[in-house]
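Work through the exercises below with the sequence and the structure open. Each task is followed by its solution.

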Amino acid sequence: MQPMRPDSSQGRPPVAVRATDIRKRYGGVVALDGVDLTVEEGEVFGIIGPNGAGKSTLFDILCGITKPTSGQIEVLGQDVGQMSPHLVARNGVGRTFQRTAVFGEATVYDNLLYGRHIGFRHSVMGRMFGSATYRAERDAFKAKAEQVLSLSGLSNERDRLASVLAYGVQRRLAVAVALMSDPKILFLDEPAAGMNGRETADFVALIETIAPGRTVVIVEHDMTVIKALCQRALVVVDGRPVTVDAPDQVFKHPEVISAYLGAEDD
Ligand SMILES: Nc1ncnc2c1ncn2[C@@H]1O[C@H](COP(=O)(O)OP(=O)(O)OP(=O)(O)O)[C@@H](O)[C@H]1O
Ligand SMILES: [Mg+2]
């Protein structure tokens, strides 16, 4: 995979995500209809819009899970248009999903194990005979797991089954799993959905802790989360980008107001 041309603009922060004219059709459904998006490195960036606007589709495309019908996508300097999700992840991209959260029948610690696979590439023989590199990587994993448990406030939950955790804690665990690969960019799809006020506040605090040194892109309906965390937000309506602005400003845009009023009438 060839790196794309470096950003030629002078004095601008490096770009973490650049999507140009992204279109996606599912049969007769136009899920994305010409989305342009630029996220700077180190930014916490929000994506909002009514249900069915195309937010998750856009996330899936940026992470290589879904291929666009047309358009160009550069993430962390790589053209991910035709890259497998696995390679995109290896390149430093982590994500959480809107619905799938965690493996309920596994402990918190074992859930973190599933997050390690990206950097973990040992042969079966290496594992069976405990090669030096395997042992070194296993020890590094354990150290990483301890760090992530502590960072995400899950140290006391490490041996509990994920299914017995409160909902907000399960969502936090999903972020912790993504952190195991130490992503340079983290995509979070409705991470605070269904959380109560206290869980949401804890979640905001977690993201504030982990955001420095990486780029975070959040899809979220809860505007308190977007306002607390994001420098800028993109509003998508019916697959189209309507405006990109500070979270306090986007709801002044007439098309955003009418889209949300229309959604309430549904
Ligand atoms: N695999 C698919 N096959 C067919 N249509 C799809 C598929 N995935 C999404 N769509 C359609 O594309 C549109 C955008 O869906 P998407 O899930 O991206 O919206 P969203 O903004 O994430 O919505 P929500 O806020 O409800 O999560 C919707 O009309 C949806 O029904
Ligand atoms: Mg969605």
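Which polar side-chain atom lies 3.0 Å from an oxygen atom of ligand 1?

Solution. The atom belongs to His221. This is a predicted model, in which local features need pLDDT of at least 70, side-chain atom pairs count only at pLDDT 80 or more, and totals for chains, interfaces and linings use all residues. Residues are numbered from 1 along each chain as its sequence is written, chains are lettered from A and ligands numbered from 1 in the order in which they are written, and side-chain values use heavy atoms, with hydrogens and water left out.

**Exercise 2.** Find backbone polar contacts of ligand 1 (N or O atoms within 3.5 Å).

Solution. Start at Gly52, where a polar backbone atom is 2.8 Å from an oxygen atom of the ligand. Then go to Gly54, whose backbone N or O atom lies 2.9 Å from a ligand oxygen. Ligand 1 taken alone exposes 640 Å², of which the protein buries 63% (Shrake-Rupley method, 1.4 Å probe).

**Exercise 3.** Describe the shell around ligand 1 (residues with a heavy atom within 4 Å).

Solution. The shell has 14 residues, with Gly52, Lys55, Ser56, Thr57 and Gln98 coming nearest. By class, five are nonpolar, seven polar (Gly counts here) and two charged (Asp, Glu, Lys or Arg). Next, assign elements, which are DSSP runs (helices H or I of at least four residues, strands E of at least two): β2 (29-40) and α1 (55-62) each supply at least two shell residues. The largest share, three residues, comes from α1.

Technical notes
A residue is near a molecule or strand if one of its heavy atoms lies within 4 Å of it. A polar contact is a pair of N or O atoms within 3.5 Å; within protein, one must be able to donate a hydrogen and the other to accept it, and residues adjacent in sequence count only if both atoms are side-chain atoms.
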